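Biologist: Could you take me through one part of this predicted model, slowly and up close? I'd like to see who touches whom, and then what lies around that spot.

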Amino acid sequence: MMYTTDGDLGNSAHGRAAIKKMLDGFKNFKVLEQKSTSNTINIKGDSALQKGFYNQTAVVGKDTYRIKKSFTIHWAWNNKKEWLVKRFDVD
């Protein structure tokens with residue numbers, strides 16, 4: 001529900017239902033640590049652009065994954081007066 005109805009999770013999923021279905025594939029991952037840092041947030045009218053980095057440590061089965069990536073989020077201010085994700089990209 002944090003995405004707009006026509007939101008995108010990169011090029012992998014379009015729309016809330018497809019995003020939820022994709023993210024459900026990570027149910028077996030146990031996140032041990034998550035840290036996000038924003039480098040920039042630019043707001044212009046009813047849209048915003050946020051860029052930064054995240055570090056995450058997660059376990060699935062006996063495997064531990066350590067991920068460090070940059071992200072870009074396009075936000076949209078909606079009629080309910082809340083910010084929702086229009087597009088989320090990871091580099």
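Modeller: Let's start with Gln50. Leaving out residues up to four places away in sequence, Gln50 touches Ser38, Thr40, Ile41, Phe71, Thr72, Ile73 and Trp75. Gln50 itself sits in strand S4. Its relative accessible area is 13%, and buried means under 20%, so Gln50 counts as buried.

Now hop over to Ile73, another neighbour of Gln50. Apart from residues within four places in sequence, Ile73 is in contact with Ala48, Leu49, Gln50, Val85, Arg87 and Phe88. Ile73 also belongs to the largest nonpolar core, a group of ten residues that includes Phe71, Trp75, Ala48 and Val85. Strands S1, S4 and S5 each give two or more residues to this core, with S5 giving the most, three residues.

The largest pocket holds about 900 Å³ and has 27 lining residues, with Leu9, Leu23, Tyr54, Phe88 and Val90 nearest its centre. Helix H1 supplies the largest share of the lining, five residues, and S4 is among the elements supplying at least two. Sorted by type, the lining has 18 nonpolar residues, six polar and three charged.

Conventions
Residues numbered from 1 in each chain as written. Predicted model: local features only at pLDDT ≥ 70, side-chain atom pairs only at ≥ 80, totals over all residues. Heavy atoms only, no water. 1 Å grid on protein atoms, 1.4 Å probe; cavity = no way out; pocket = protein on both sides within 12 Å on 5 of 7 lines; lining within 4 Å. Points joined across faces, edges and corners; volume = space filled by probe spheres on them. Helix = DSSP H or I, 4+ residues; strand = E, 2+ residues; numbered from the N terminus. Nonpolar A, V, L, I, M, F, W, Y, C, P; charged D, E, K, R; others polar. Core = buried A, V, L, I, M, F, W, Y, C linked by side-chain atoms within 4.5 Å. Buried < 20%, exposed > 50% of the residue type's maximum accessible area, 1.4 Å probe, protein only. Contact = heavy atoms within 4.5 Å.
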